[in-house]
Amino acid sequence: MTAIEVLPMNEFSVLKVIQIEGPEWNWFTGYLPYLRTFNPKVYNSQKGDFLDEKILETVKQTLPKSFLRFSEEILFKGQLNDRLKTLEGGSRKNVTVQFFPLIPYEQAPTMLGRQFTAYPMSFDMRLLFNEGNEKKHNILDFFLCNLPFDKIDDIVKTIKPI
């Protein structure tokens with residue numbers, strides 16, 4: 001029997017895992033995990049939200065067979081590390097997802113002279129092949145994810161790369 005301890009409420013999170021499926025010419029499988037802020041009043045952990053959809057859409061633009069593998073609420077100490085251990089497959093690749101402000105064309109003239117912030121975030125993709133495999137060098141390591149310019153600053157605060 002093992003005792004488990006509940007995390008403080010401000011440390012509750014949701015683990016999202018996208019299963020990455022490589023193209024036929026460089027087939028591989030991997031996982032792209034990230035954390036979202038857990039707040040049942042504003043975020044449905046199973047359905048996700050606009051940001052989850054945009055991240056998956058961005059990955060699928062290059063790797064169209066990829067999909068959301070699972071979404072899990074992290075409420076207990078040690079639960080995250082235990083779950084991440086199940087995703088380890090032999091190799092990792094650092095990838096950057098750059099969250100970039102999207103300005104609708106019709107609003108562009110009103111934005112002249114304004115400054116916006118882009119948010120590059122570094123993620124560890126877990127790959128299911130041994131370290132040193134040549135396939136690793138042919139895997140894209142940069143994704144550009146466009147988010148509405150007027151919401152990007154608040155949206156990116158709800159994600160944490162792992």
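Two strands count as paired here if DSSP finds at least two bridges between them. Keep in mind that this is a predicted model. Strand β2 (residues 29-37) and strand β5 (residues 119-127) pair in the antiparallel sense, with two bridges. In that region, G30 sits opposite L127 in β5. Strand β5 also runs antiparallel to β4 (residues 91-102), and nine bridges join them. Over there, V95 faces F123 in β5.

Now for the rings. Searching the whole structure turns up three aromatic pairs. Here are two of them:

| Pair | Centre distance | Plane angle | Type |
|---|---|---|---|
| F12 and F38 | 5.8 Å | 70° | edge-to-face |
| Y34 and F123 | 6.5 Å | 90° | edge-to-face |

F12 lies in the segment before β1 and F38 in the loop between β2 and α1 (50-62), so their pair ties together parts 26 residues apart in sequence. Y34 is in strand β2 and F123 in strand β5, so that pair links parts 89 residues apart in sequence.

Y34 counts as buried at 1%, and F123 is buried at 2%.

One more ring is worth a look: the charged end of R83 sits over the ring of F70, 3.9 Å from its centre.

F70 also turns up among the contacts of V17, which include Y31, L32 and L87. V17 lies in strand β1 (residues 13-21) and is buried, with a relative accessible area of 0%.

How values were computed: Residues numbered from 1 in each chain as written. Predicted model: local features only at pLDDT ≥ 70, side-chain atom pairs only at ≥ 80, totals over all residues. Heavy atoms only, no water. Helix = DSSP H or I, 4+ residues; strand = E, 2+ residues; numbered from the N terminus. Buried < 20%, exposed > 50% of the residue type's maximum accessible area, 1.4 Å probe, protein only. Contact = heavy atoms within 4.5 Å. Phe/Tyr/Trp six-rings, centres within 6.5 Å; stacked < 30°, edge-to-face > 60°. Lys NZ or Arg CZ within 6 Å of the ring centre and 35° of its normal. Lists of a residue's contacts leave out its neighbours within four places in sequence.
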